[in-house]
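The sequence and the structure come first.

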Amino acid sequence: MSRLQRGFVHVVLMGLLGLLCWPECARSDENDLLAYCLENSSHCALSVEAIDENWERHWNADRPQVLASTYKIVMLLGYAQAVADGAMSPDDTVDKNEWARYFSGGGSLSTSWDQMGTPDRPRLDDLARVMILNSDNSAPDLFQTLLGKKRVKQAVRRFGWHDLPAPISAMFGLWQNLNGIGGSGNRVAADYGGFEADGYQKELSLHTTSLRKDSFLRTVRTSLCDQPPWFAGPPPCVPPQPGTTLGSFRTLENHHFNRSTTRSYAALMRRLLDRSLLADAAQEVVERHLEAWLEVFPSLSPAFSRYGLKGGNL
């Protein structure tokens, strides 16, 4: 989270393995949260930068943490640079079914599509907006495909991200033990020690490649018992058996997702805040989307002249 408050600037990031803390942390104030972290140091990392006062504090800040939807900042950086380079235009469009190819269930895609006005061909800039404001999971996976490996790696280097990101849809597909895919959440949690395991990375790569096949996509939709909002009628549904256990989900969410560190993310947000990371054209694209929160919540305007935010949880 980065905020520019009138008269005082600070950058704060907390990297917290949310499922282990939830729901206690959701009901807590900052003192309760700090107490929880002190008692559970293996689950928490914290970075704070008070820029105007010229101090910073870090705790477990260099340990890779699962930072969930902050992954979407990497895709936003890649998209912004592609626009600045002339490789993409904010007005470029994609077929809605290409966007939904990475749909892994939930209501974000439906909400986002409605907000866009239900287009058959969404604009890239609208997809970037819902990726940040609605934390839509399909948009960053689409951007990862459109950008290609070279541009994604460039964005990762700017971020200081620990891992080369994998698509959210591929990870969730393996976790959910979908029929016909060969991935089982229980097996993956037991067989692979974490995101960096070679076997897990190979399965993610195979799943990502398979998502380009329409027949495989139909299998995914059937197992999810869900489908994009423009499909009429109830989805075909053959739920997977046996399902992934809660214990396995906890293991997967806390160890098998893209990772970075709180120090890296705090530094990234500070450089976006002081406009020292990107050239002006790319910076404008990033700010337009990160700071759209002031449009969504105008009550923030009296307190903040700028307000950029992208958090996440599992």
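A residue counts as buried under 20% relative accessible area, as exposed over 50% and as partly exposed in between, with a 1.4 Å probe and protein chains only. The model is predicted, so local features need pLDDT of at least 70 and side-chain atom pairs count only at pLDDT 80 or more, while totals for chains, interfaces and linings use all residues. Residues are numbered from 1 along each chain as its sequence is written, and side-chain values use heavy atoms, with hydrogens and water left out.

**Helix 8**

Helices are DSSP runs of H or I with at least four residues, strands are runs of E with at least two, and both are numbered from the N terminus. Helix 8 spans residues 168-175 and is mostly covered, with eight of its eight residues buried. Among them are Ile168, Phe172 and Trp175. The buried residues pack against helix 3 (71-85), helix 7 (138-159), helix 9 (185-191), helix 10 (198-210) and helix 12 (246-255), where contact means heavy atoms within 4.5 Å.

Axes are lines fitted to C-alpha atoms, for helices over the stretch in contact, and angles between N-to-C directions run from 0 to 180 degrees. Helix 8 packs on helix 10 at about 110 degrees, and their axes are 9 Å apart. Helix 8 is therefore roughly perpendicular to helix 10; that label covers 65 to 115 degrees, with under 35 roughly parallel, over 145 roughly antiparallel and the rest oblique. On the helix 8 side, the residues in this contact include Met171 and Trp175, and on the helix 10 side they include Tyr200 and His207.

**Aromatic pairs**

Rings of Phe, Tyr and Trp (its six-membered ring) pair if their centres lie within 6.5 Å; planes under 30 degrees apart count as stacked, over 60 as edge-to-face and the rest as tilted. By this rule there are nine aromatic pairs. Two of them share Trp230.

| Pair | Centre distance | Plane angle | Class |
|---|---|---|---|
| Trp99 and Trp230 | 6.3 Å | 40 degrees | tilted |
| Trp113 and Trp230 | 4.9 Å | 65 degrees | edge-to-face |

Trp99 lies in helix 4 (residues 96-100) and Trp230 in the loop between helix 11 (214-224) and helix 12, 131 residues apart. Trp99 is buried because its relative accessible area is 0%, and Trp230 counts as buried at 18%. Trp113 is also buried. Trp113 belongs to helix 5 (residues 108-116), so its pair with Trp230 ties together parts 117 residues apart in sequence.
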